[in-house]
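Please look over the structure shown below before reading on. The paragraphs that follow lead through it step by step.

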Amino acid sequence: MKSMTGYGRGSADGEHFAVSVDLKTVNNRFLDVHLRLSGELSSLEPVVKRQISSRLSRGRVDVTINFERTAQTAYEINRPLIAGYVNALREMQQEFSIGGELDINLLARLPGALQPARDGLSDELVAGIEKALAEALDQLERMRAQEGETLRKEMADRIGRIDSLVPTIENAAAGLVDAYRARLQKRIGELLNRNGQVVELDPGRLAQEVAYLSDRSDVSEEMVRLRSHLTQFSEALNSNGDTGKMLDFLLQELNREANTTLSKSTDLVIKEAALAIKAEVEKIREQVQNVE
């Protein structure tokens, strides 16, 4: 099991460059990669995304690639940009009768006036970025695995608490038939007792009513399904691969069985146990949101 939260960093050096890659991940339903690349490296975006998607399946991934040339850099003059700027300044001079000469320092500071020469990305540079990214992914996955193990242990403990509440509900439900019969018999007896005259109850009719009430409040099927979901959840916790979506689905089913149990029974013990199950499910849900 892996968490979706983590950090990784990798670096690589070549004869004429140095590059570093930083990865930060947080939870997300799908894999969502956000890149921060210089314009010079923009053509590598598909390569970077493909390498990340081969290792990660869920989570928001923020990728920052810092690239520095260590050899002397040649610059290109952005002639169209400078020409347009100069023409605009001269129009201003003519229209408003402004004197003065153009300052080369002003032109040099113009954003985009000077750009590194686009001599293409060498195979060595591409290989260096891929190496740095692989190193960052290795570190990221180690961190996600460590945090994932912590999440797994906590969720396993809470699943154990839910499992311990099932016998409580089953034992309380087992005595409901006798409790319904006694309560119904007492109530009907009170209603039929008039002026000291007691009316005999039809045992068959009483049994029918008790059976009807018992059937409406029977939670045995819910407990069978709940146990099954708990088993599947535990198996998923200890399996390899991406389990986040499966765990999220099983939590919905566990919550459904707890809600049905609450709606069926008026017994205080059963209701308290079902509410405790719902509380544990919500706490587990917070953890599952961060599982890959």
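**From the chain end to the helices**

Glutamate 292 is found in the segment that follows helix H9 (268-288), where helices (H or I, at least four residues) and strands (E, at least two) are DSSP runs numbered from the N terminus. This is a predicted model, in which local features need pLDDT of at least 70 and side-chain atom pairs count only at pLDDT 80 or more, while totals for chains, interfaces and linings use all residues. Residues are numbered from 1 along each chain as its sequence is written, and side-chain values use heavy atoms, with hydrogens and water left out.

Glutamate 292 is buried, because its relative accessible area is 3%; buried means under 20% relative accessible area, exposed over 50%, and partly exposed in between (1.4 Å probe, protein chains only). The side chain of glutamate 292 reaches the backbone nitrogen of serine 57 at 2.8 Å, and that side chain also makes a polar contact with the side chain of arginine 144 at 3.1 Å. A polar contact is a pair of N or O atoms within 3.5 Å; within protein, one must be able to donate a hydrogen and the other to accept it, and residues adjacent in sequence count only if both atoms are side-chain atoms. Leaving aside neighbours within four places in sequence, glutamate 292 is in contact with residues including Lys2, Leu56, Asp242 and Gly244, contact meaning heavy atoms within 4.5 Å.

For the protein as a whole, there are nine helices and six strands, and buried residues make up 34% of the 292 residues. Of the contacts with a separation of 6 or more, 82% are accounted for by residues 24 or more positions apart.

Side chains of opposite charge can pair when their charged atoms come close. The structure holds 20 salt bridges, a salt bridge being a side-chain nitrogen of Lys or Arg within 4 Å of a carboxyl oxygen of Asp or Glu. One of them joins arginine 227 to aspartate 163, with the closest N and O atoms 4.0 Å apart. This pair links distant parts of the chain, since arginine 227 lies in helix H7 and aspartate 163 in helix H4, 64 residues apart. Arginine 227 counts as partly exposed because its relative accessibility is 33%, and aspartate 163 counts as partly exposed at 35%.

Within helix H8, the side chains of arginine 256 and glutamate 253 meet in a salt bridge (3.0 Å, N to O), and these two residues are three residues apart, about one turn of the helix. Arginine 256 is partly exposed, with a relative accessible area of 46%, whereas glutamate 253 counts as buried at 13% relative accessibility. Salt bridges that share partners also join Glu221, Glu222, Arg225, Glu257 and Lys264 into one network.
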